[in-house]
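Here is a short note for a colleague who is new to this structure. Please read the points in order.

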Amino acid sequence: MTAPSTPQVPLRSPTSGKPEGAPRLGGALAFLFWCACGIAALPLAGLFTLISALGVTGARSALFDSFAGAGVAQQVLRLGLMPQVVLFCWAVAMVVLTVARARIAVLVLPWVLVLWLATTGYSQFAIRDAIAPDGADLGAFAALMPGLLAQAAGVAAFFGYFREGARPQSFYRR
């Protein structure tokens, strides 16, 4: 007796509906895309967790109460969230424009990160000014500058990668 033969399954084509030679999401661009997915998902998960714990009315009340007021704590909270909001907007734009393979992504995404850099610089100095008894001084500038320069280097690298990098140029410009 012989064993029954296994049925032959036809192999799928490796392109699976994409034109031959279509650029793929990979390398550093894929890493940036998945990081943007995480940056976009985290605040949404926190908001949904707050809503599930307190309900819609309770979550709205908790959020508005923590931001309302002219105290130093509320001012620092508002200033600290400004760069996070801009970074969240960048992440959502990165995800949407990458999924859509929109050509405008190579122009928009680097400039949104430049906006984030400006916002984070302003926010850090404004927080120092708010919490220091005499306001921000040269010492605050010296303390914040290394971090801001490191962030500027990262933004410049992203800007250069999207302007000159082969993968973003080919991926977004079908």
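The points below cover the basis, the fold, the helix packing, the surface and the cysteines.

1. This is a predicted model: local features need pLDDT of at least 70, side-chain atom pairs count only at pLDDT 80 or more, and totals for chains, interfaces and linings use all residues. Residues are numbered from 1 along each chain as its sequence is written, and side-chain values use heavy atoms, leaving out hydrogens and water.

2. The chain has five helices and zero strands. Helices (H or I, at least four residues) and strands (E, at least two) are DSSP runs, numbered from the N terminus. Among contacts (heavy atoms within 4.5 Å) between residues at least 6 apart in sequence, 71% join residues at least 24 apart.

3. Helix α3 covers residues 105-131 and helix α4 residues 138-164. Their axes, lines fitted to C-alpha atoms over the stretch in contact, lie 9 Å apart at an angle of about 175°. Angles run from 0 to 180 degrees between N-to-C directions. α3 and α4 are therefore roughly antiparallel, a label for angles over 145 degrees.

4. The chain has 174 residues, and 25% of them count as buried. Buried means under 20% relative accessible area, exposed over 50%, and partly exposed in between (1.4 Å probe, protein chains only).

5. How many disulfides are there? The count is zero, where a disulfide is a pair of cysteine sulfur atoms within 2.5 Å. The closest cysteine sulfur to that of C35 is in C37, 9.1 Å away and too far for a bond. C35 is partly exposed at 32% relative accessible area. C89 is also partly exposed, at 43%.

Technical notes:
Parallel < 35°, antiparallel > 145°, perpendicular 65-115°, else oblique.
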